[in-house]
Amino acid sequence: MNDIVQLLIGGIAQGMIYSLIAFGYNITFSTSRMFNFSNGAFLMLGGVVGFILYMTFKIPFFAMLGGVILVGICAGFIMYKTSIEPSLKSQSGIGWILATLAFGIILKNLVEVTWGTDDKKFDSPFGASTLHFGSVGVYPQEILIISVSLLIVFGVEFFKRYTILGKAIVAVSEDKNTASLMGINQRFVILFSFLLASVIACVAGVLVAPITLVSATMGSVLGVKAYIVSIIGGLESGFGVLVGGLILGISENMTARYISTGYRDVPGFLILILILLFLPKGIFGKKVIKKV
């Protein structure tokens, strides 16, 4: 029983990371009907910048987190100006996909050239000791991941429901033309959604870094799994993203423990195939996907 509880906690923490990245997909898709395929690269950027500030320059954790957020905003703005805005003007879906993919690859290669390709250990600000609740041990970093992830997801949902800018995002996601007639600046809303998604991905990189290792490739697999999560839960459902992340994270942990670590990635792809066959809009999806 304790073993199962331990696996559940680890799976929930891992699933929350998937959910955070997938939430970035959710935000950008809802306003633009397109995927940002560079989200994994932004996660990597957050981990690398966090490592440099926290481990190399010994900047306090929360000050480092502020620096990571600032870098995420700047990098997101550069991506928007170089990759998204030209695609919006040309209304090219294929151009959008290729542009975001290219930006992610360029970002990854830039980090490899300037920072290196080695995996580096990121120390948790709360140490490596486990907290014991009875016979169950929990890493403080896992608690931090779960807490911050829930805070971000529910905070963004609150923002979308109860603020003017958040309601503008919802209006654009429902109907761009009607939103424009109401005086809402589509381009600004899309820009804001991409900046928000970039920041969330960078923060996710800082959260996951102490559990994994920091490297230029750390966002590649996580980005793919977050894509799976967004499809499972539903592209425009914040709650669905959470559920999808939990399903994938827990199933991976259970598979690795009771079958084999070599089959850890299998459940996600099996679930994805079943969802596409029987619930193509996702578990909580409401709209038909027209563009990917």
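How many salt bridges does a search of the whole structure find? The search finds five salt bridges, a salt bridge being a side-chain nitrogen of Lys or Arg within 4 Å of a carboxyl oxygen of Asp or Glu. This is a predicted model, in which local features need pLDDT of at least 70 and side-chain atom pairs count only at pLDDT 80 or more, while totals for chains, interfaces and linings use all residues. Residues are numbered from 1 along each chain as its sequence is written, and side-chain values use heavy atoms, with hydrogens and water left out.

**The network around K225**

- K225, E252 and D265 are linked in a network of salt bridges.
- E252 forms a salt bridge with K225, with the closest N and O atoms 3.0 Å apart; this pair links distant parts of the chain, since E252 is in helix 10 (residues 238-258) and K225 is in helix 9 (residues 218-233), 27 residues apart.
- D265 also forms a salt bridge with K225, and here the closest N and O atoms are 2.6 Å apart; D265 lies in the loop between helix 10 and helix 11 (266-278), whereas K225 lies in helix 9, so the pair ties together parts that are 40 residues apart in sequence.
- E252 is buried at a relative accessible area of 1% and K225 is buried at 9%, whereas D265 is partly exposed at 36%; buried means under 20% relative accessible area, exposed over 50%, and partly exposed in between, with a 1.4 Å probe and protein chains only.

**The pair within helix 3**

- E85 forms a salt bridge with K81, the closest N and O atoms lying 3.3 Å apart.
- The two residues, E85 and K81, are four residues apart in helix 3 (residues 61-90), and are therefore separated by about one helical turn; helices (H or I, at least four residues) and strands (E, at least two) are DSSP runs, numbered from the N terminus.
- E85 is buried, with a relative accessible area of 16%, while K81 is partly exposed at 38% relative accessibility.

**Confidence in the model**

- The chain averages a pLDDT of 87, and 96% of the residues score at least 70; pLDDT is the predictor's confidence in each residue, from 0 to 100.
- Confidence in the chain is lowest in strand 1 (residues 131-133), at a mean of 79, and highest in helix 2 (residues 39-56), at 95.
- Over residues 288-292 pLDDT stays under 50, and for these residues the model has 11 contacts beyond four places in sequence, a contact meaning heavy atoms within 4.5 Å.
- Where pLDDT is low, the predicted coordinates should not be read in detail.
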